[in-house]
Amino acid sequence: QVQLVESGGGLVQAGGSRRLSCTASGSIISITTMTWYRQAPGKEREWVASITSGGSTNSAVSVKGRFTISRDNAKNTMWLQMNSLKPEDTGAYYCNALVTSRSTSTASYWGQGTQVTVSS
């Protein structure tokens, strides 16, 4: 079994910063791409940023220059540093990871989500 657990969400004022983390645990052999998604109320889930095991990153235009994705492979942990937050960044943030485990072949796993609310 593989689990992803996010943390770091909360209420922040516009212009502020927040750091989210996502840690994978279980019978993990390797993790390739790790990704952050978010979902605002009444909207579809959208991609935010991704990072490969080699450290290559990519992010959505809407967060480029404000959000930074990073990871520590040894700790199976990924972070999302969010700066200059805007009210439109409000939503539930989910992490996703492509994991090869001892019990299954490579599969996609999701965390339970952490809520970020940006007040104006």
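Contact is defined here as heavy atoms within 4.5 Å. By this criterion, and not counting residues up to four places away in sequence, Val48 touches Trp36, Tyr37, Arg38, Asn58, Ser59, Ala60, Val63, Phe67, Leu80 and Tyr93. The model is predicted, and local features need pLDDT of at least 70, side-chain atom pairs count only at pLDDT 80 or more, and totals for chains, interfaces and linings use all residues. Residues are numbered from 1 along each chain as its sequence is written, and side-chain values use heavy atoms, with hydrogens and water left out.

The chain holds zero helices and 11 strands, where helices (H or I, at least four residues) and strands (E, at least two) are DSSP runs numbered from the N terminus. The radius of gyration is 14 Å, close to the 14 Å that the globule rule gives for 120 residues, so the chain is as compact as a globular protein of that length. This radius is taken over C-alpha atoms, and the globule rule is 2.2 Å times the number of residues to the power 0.38. Along the principal axes, the C-alpha atoms fill a box of roughly 45 × 25 × 20 Å. Among contacts in the chain with a separation of 6 or more, 54% are accounted for by residues 24 or more positions apart. The accessible surface comes to about 6200 Å², and carbon and sulfur atoms contribute 49% of this area; accessible areas come from the Shrake-Rupley method with a 1.4 Å probe, and for residues only the protein chains shown count as cover.

Of the 120 residues in the chain, 41% are buried, where buried means under 20% relative accessible area, exposed over 50%, and partly exposed in between (1.4 Å probe, protein chains only). In soluble globular proteins, nonpolar side chains tend to be buried together. A nonpolar core is a set of buried Ala, Val, Leu, Ile, Met, Phe, Trp, Tyr and Cys residues joined through side-chain atoms within 4.5 Å. The largest such core has 28 residues, of which Trp36, Val48, Phe67, Met78, Leu80, Met82 and Tyr93 touch the most other members. At least two residues of this core are supplied by each of strands E1 (2–7), E3 (18–26), E4, E5 (46–51), E7 (67–72), E8 (77–82), E9 (91–101) and E11 (114–119).

Val48 is placed in strand E5 and is buried, at 1% relative accessibility. Val48 and Tyr93 are 45 residues apart in sequence, and their C-alpha atoms are 9.0 Å apart in space. Ser101, in strand E9, is likewise buried, with a relative accessible area of 3%. Beyond residues up to four places away in sequence, Ser101 touches Val2, Ser27, Ile28, Ile29 and Tyr109.

A search of the whole structure finds one aromatic pair. Tyr37 and Trp110 form this tilted pair, at 4.9 Å centre to centre and with 50 degrees between the planes. Rings of Phe, Tyr and Trp (its six-membered ring) pair if their centres lie within 6.5 Å; planes under 30 degrees apart count as stacked, over 60 as edge-to-face and the rest as tilted. Tyr37 lies in strand E4 (residues 28–39) and Trp110 in strand E10 (residues 107–110), so the pair ties together parts that are 73 residues apart in sequence. Tyr37 is partly exposed, with a relative accessible area of 23%, and Trp110 is partly exposed at 40%.

The charged end of Arg45 sits over the ring of Trp110, 4.7 Å from its centre. Arg45 also lies over the face of Tyr94, at 3.8 Å from the ring centre. A charge sits over a ring if NZ of Lys or CZ of Arg is within 6 Å of the ring centre and within 35 degrees of the ring normal.
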